[in-house]
Amino acid sequence: MKKPEQLAILTEACQHPLGVVVETNDPNRLRQRLYAMRRAHPEFAHLSFVVPAGDKGTELFIIARTGDDNVQS
């Protein structure tokens, strides 16, 4: 996946309140590339990348964290 496609995925994840699910044949490799992209672009610092447990290696969750995430009631 090329850098413009990676930027597009991160931008899309920012536009959704919870984030997005990305279909990929290698979620760990994509996660590493997106970590690098996130380091280079601070506007994506609030995004987390998770390979779901039990997944067959086809999805990467990009989760949009907010300041409210650590609030406990």
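This is a predicted model: local features need pLDDT of at least 70, side-chain atom pairs count only at pLDDT 80 or more; totals for chains, interfaces and linings use all residues.
1. Residues are numbered from 1 along each chain as its sequence is written, and side-chain values use heavy atoms, leaving out hydrogens and water.

2. Thr66 is partly exposed, with 45% relative accessibility (buried means under 20% relative accessible area, exposed over 50%, partly exposed in between; 1.4 Å probe, protein chains only). Its C-alpha atom is 8.8 Å from that of Pro17, 49 residues away along the chain.

3. Val22 belongs to strand S1, residues 19–23, and is buried at 11% relative accessible area. Beyond four places in sequence, Val22 contacts Ile9, Leu30, Thr58, Glu59, Leu60 and Ile62 (contact: heavy atoms within 4.5 Å). Val22 and Phe61, 39 residues apart in sequence, have a C-alpha to C-alpha distance of 6.3 Å.

4. The largest nonpolar core has 14 residues, and those touching the most other members are Leu10, Val22, Leu34, Leu47, Phe49, Leu60 and Ile62. At least two residues of this core come from each of helix H1 (3–15), S1, helix H2 (27–40), strand S2 (47–50) and strand S3 (59–64). Such a core is a set of buried Ala, Val, Leu, Ile, Met, Phe, Trp, Tyr and Cys residues joined through side-chain atoms within 4.5 Å.

5. Leu60, not counting residues up to four places away in sequence, touches several residues, among them Val20, Val22, Leu30, Leu34 and Phe49.

Key:
Helices (H or I, at least four residues) and strands (E, at least two) are DSSP runs, numbered from the N terminus.
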